[in-house]
Amino acid sequence: MAAIPLKTGSVTRPRARLVLPLLAGAVTWPAASAAADAGGRAIELHAQASLDLVGVTRGGGGHGLEPVGVLDVSADVDLGRALDWPAPDRQGARAHVDFLANAGGQPNTLAATLQGIDNLEVTGQGVRLYQVWIETSLPGGGGEVRVGFSDLNSDFYATDAACLLMGPAFGMGPELSRTGSLGASTYPSSALGVRWRVRPSAQTYGEIAVVNARAGVLGDPGGPDFSFRDGVLTVTEAGWAGEGKVKVAIGAWAYSRAPGAAAGHGEPADPVQRPARGAYAMAEAPLRAGVRAFIRGGFAGAGGTELAGAWQAGLRLEPAISSRPNSSASFGVSQALLPSSAIARGHDLGPPLAPTETEVEATYAEKLTPHLSIQPDIQYIHRPSGRRDVKDAAVFSLRLTAVL
């Protein structure tokens, strides 16, 4: 399977100077409108802009400084209030629309890692309709159903204790996010599908999603795909969430077709390949006041997957400094496991590959004002892309985030 470069197809990259206007534009967003909507109106507006300055001092592709920016503008609509939606609970039906404007560079071309180094980076810059979906509750306590273009990582394979870290591997596990024709249905391009979620008890849940195997939205090259000719991706998860932000969950995922198997043709271009599938498990819990730990891991079976598996573990401290209540810090380790077939090809064709790529990250964030935060970050990647013949990568980043 060809490498999937951070989710999206490549388009012409805008100049780096376009990143600063994204941040400036968000600062001028009318914050009063969001505050008014939160008071009980049918529509709530949200805007957030982030600017990352990512410096790679050494890596598999070189060194340099790259800016990465994104402006995220979204709206949540209470359909019960806005349209008198006929849901069993008038508050149980809602819609969500989310636009992204991405700009800047591609620092991972310098670090040359499999897992990525910045969770804002994309290869296709521009404006896109990131998510648009409708969700409603079912009668008789039958759970809730969501239909539309939705980010799977908002519901599946997610650990809150890891969300401060900037490495993409701490979001959806890379053995899943880097599957499919253009990547799984997650940032920055979702896929059309349906998700059903039930809560048998106050502490347990189960959910299943069936989405188009080909991700793509308005703004992506080719736009959204409605043909489903690549088949579907099915993801299931069940878990237990107790008090004190304790969570334990397991999940599984599978594609209905192997890479290259178009609808009506039956078999993939490579008859040896099978539909990709895998499973994962995760847990997070407080260790003591202000400290939470997480651990998770997943594997992918043979069938067009770029990675055989991955695992992550780490800590989050909140507050990081007792005298600074708006501070937080996190430390994490992520390791990607290369499939044996890739290692064998490396030995035969070169360069020789190691079985793993390991990333260590430490980050600190502080909210300077109610609407502005700053976050320095350090990453060290051992054997980027499993290459034994390149230097380890060192990455130093600074993130500015404006929330309105």
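## A walk through the predicted model

Let us begin with glutamine 125, which is buried at a relative accessible area of 9%; here buried means under 20% relative accessible area, exposed means over 50%, and partly exposed lies in between (1.4 Å probe, protein chains only). This is a predicted model, in which local features need pLDDT of at least 70 and side-chain atom pairs count only at pLDDT 80 or more, while totals for chains, interfaces and linings use all residues. Residues are numbered from 1 along each chain as its sequence is written, and side-chain values use heavy atoms, with hydrogens and water left out.

Glutamine 125 belongs to the loop between helix H4 (108-111) and strand E4. Helices (H or I, at least four residues) and strands (E, at least two) are DSSP runs, numbered from the N terminus. A polar atom of the glutamine 125 side chain lies 3.3 Å from the backbone oxygen of glycine 104, and the side chain also reaches the backbone oxygen of valine 122 at 3.3 Å. Both are polar contacts, meaning pairs of N or O atoms within 3.5 Å; within protein, one must be able to donate a hydrogen and the other to accept it, and residues adjacent in sequence count only if both atoms are side-chain atoms.

Now look for the aromatic rings. The whole structure holds five aromatic pairs; rings of Phe, Tyr and Trp (its six-membered ring) pair if their centres lie within 6.5 Å, and planes under 30 degrees apart count as stacked, over 60 as edge-to-face and the rest as tilted. Tyrosine 130 and tyrosine 187 have ring centres 6.1 Å apart and planes at 85°, so this pair is edge-to-face. Because tyrosine 130 lies in strand E4 (residues 126-137) and tyrosine 187 in the loop between helix H5 (174-177) and strand E6 (191-198), the pair ties together parts that are 57 residues apart in sequence. Phenylalanine 149 and phenylalanine 226 are also edge-to-face, at 6.1 Å centre to centre and 90° between the planes. Is each of these two buried or exposed? Phenylalanine 149 is buried at 11% relative accessibility, whereas phenylalanine 226 is exposed at 55%.

Isoleucine 208 and threonine 236 are 28 residues apart in sequence, yet their C-alpha atoms are 4.3 Å apart in space.

Finally, follow the chain to strands E14 (residues 356-369) and E15 (residues 372-382), which run antiparallel and are joined by nine bridges; two strands pair if DSSP finds at least two bridges between them. E14 and E15 form a hairpin with two residues between them, and glutamate 366 stands opposite isoleucine 374 in E15. Ten bridges then join E15 to strand E16 (residues 393-403), again antiparallel, with aspartate 377 partnered by serine 397 in E16.
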